[in-house]
Amino acid sequence: MIRAIFFDIDGTLQDFETKDVPQSAQSALYLLHEKGMKLFIASGRPPVHLSLLCSFIQEFPFDGYVMLNGQCCMDAQKRVFYEHPIDEETLHVLVPWLKEQSFPCSVLELDKAYEIRENPEQRAYYASLGRERDIPEVLDAERAYTHATYQYCPRIPPEMDEAFLEHAPGMKSARWTDEFPDMIPKDGGKPAGMQKMLDHFDIAREDCMAFGDGGNDITMLEYAGIGVAMGNAKDHVKAHADDVTSPINEDGIAKAMKKYHLI
């Protein structure tokens, strides 16, 4: 029996084009909430990015948040009850190498995201949201030595992942787009965060459902009792899901909920 549902954000709940949650999905989530279903966010974004999302995601009473691809779990009041930062040994190998490179790279903490060099793509993204004032600062990569760091997002193509990981012992790639990967601890990932959240609520793994669309959702879809890929997901993501629903902008969330008789 499904008792909990995890939702990726970008391309799953929040439409890339409209920057909003489809009305059908909003209605479905409120119906599920009224029935007592536990509803969670499961995203690669850091907690500080929640303020950049649409008003529905900011205001809806989610029961918890699995952030940073599973490296941080927060309760309904956004209080952190689990965190798994990158270890110091890894950072002392990775940071000097990053300082020698030329590609932009985002560095994610819990309450701060910054760049280690100018990032035109990131600047354009914030501008598209009308949030120019929130464009991340460019800071020295050595900040990671003194501030808990959970994820790196280097602007590199897939063929460079291996080179990055050669200088990041103990890390792995959770790539969701060809533009950049999410580099996280090797023993981390969305399933690790999901399990911490399920343990927190005493819910069995087989009693949860998950929705996702990106490459970093693959392990989440595999881990959930029922993993549902959005219709707008790429084929290699769909191949790892138990089911595929319609695209986000064709009422995919609501249709899946009705198919499984949850609403």
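This is a predicted model: local features need pLDDT of at least 70, side-chain atom pairs count only at pLDDT 80 or more; totals for chains, interfaces and linings use all residues.

Biologist: Fine. Which residue has a side chain that reaches the backbone oxygen of Pro-157?

Modeller: That is Arg-175, whose side chain comes to 3.2 Å from the backbone oxygen of Pro-157. Arg-175 sits in the loop between β9 (171-173) and β10 (183-185).

Biologist: Is Arg-175 buried or exposed there?

Modeller: Arg-175 is buried, because its relative accessible area is 15% and the cut-off for buried is under 20%. Leaving aside neighbours within four places in sequence, Arg-175 is in contact with residues including Ile-156, Pro-157, Pro-158 and Asp-161, and also with Phe-180, Pro-181, Gly-215 and Asn-216.

Biologist: Let's step back to the whole chain. How many helices and strands does the protein chain have?

Modeller: The protein chain has nine helices and 13 strands, and along its principal axes the C-alpha trace spans about 55 × 35 × 35 Å.

Biologist: And what does the radius of gyration of the protein chain agree with?

Modeller: It agrees with a compact globule, because for 263 residues such a globule would have a radius of gyration near 18 Å, and the protein chain has 18 Å. Buried residues make up 56% of the 263 residues, and among contacts between residues at least 6 apart in sequence, 59% join residues at least 24 apart.

Biologist: Where does Val-244 lie, and what does it touch?

Modeller: Val-244 lies in strand β13 (residues 243-244) and counts as partly exposed, because its relative accessibility is 38%. Not counting residues up to four places away in sequence, Val-244 touches Ala-229, Met-230, Gly-231 and Lys-238. Val-244 and Asp-213 are 31 residues apart in sequence, with 9.8 Å between their C-alpha atoms.

Biologist: Last one: which helix holds His-200?

Modeller: His-200 is in helix α6 (residues 190-201), where its relative accessibility of 43% makes it partly exposed. From C-alpha to C-alpha, His-200 and Met-74 are 10 Å apart in space, although 126 residues separate them in sequence.

Note on methods
Residues are numbered from 1 along each chain as its sequence is written. Side-chain values use heavy atoms; hydrogens and water are left out. Helices (H or I, at least four residues) and strands (E, at least two) are DSSP runs, numbered from the N terminus. The radius of gyration is taken over C-alpha atoms; the globule rule is 2.2 Å times the number of residues to the power 0.38. Buried means under 20% relative accessible area, exposed over 50%, partly exposed in between (1.4 Å probe, protein chains only). Contact means heavy atoms within 4.5 Å. A polar contact is a pair of N or O atoms within 3.5 Å; within protein, one must be able to donate a hydrogen and the other to accept it, and residues adjacent in sequence count only if both atoms are side-chain atoms.
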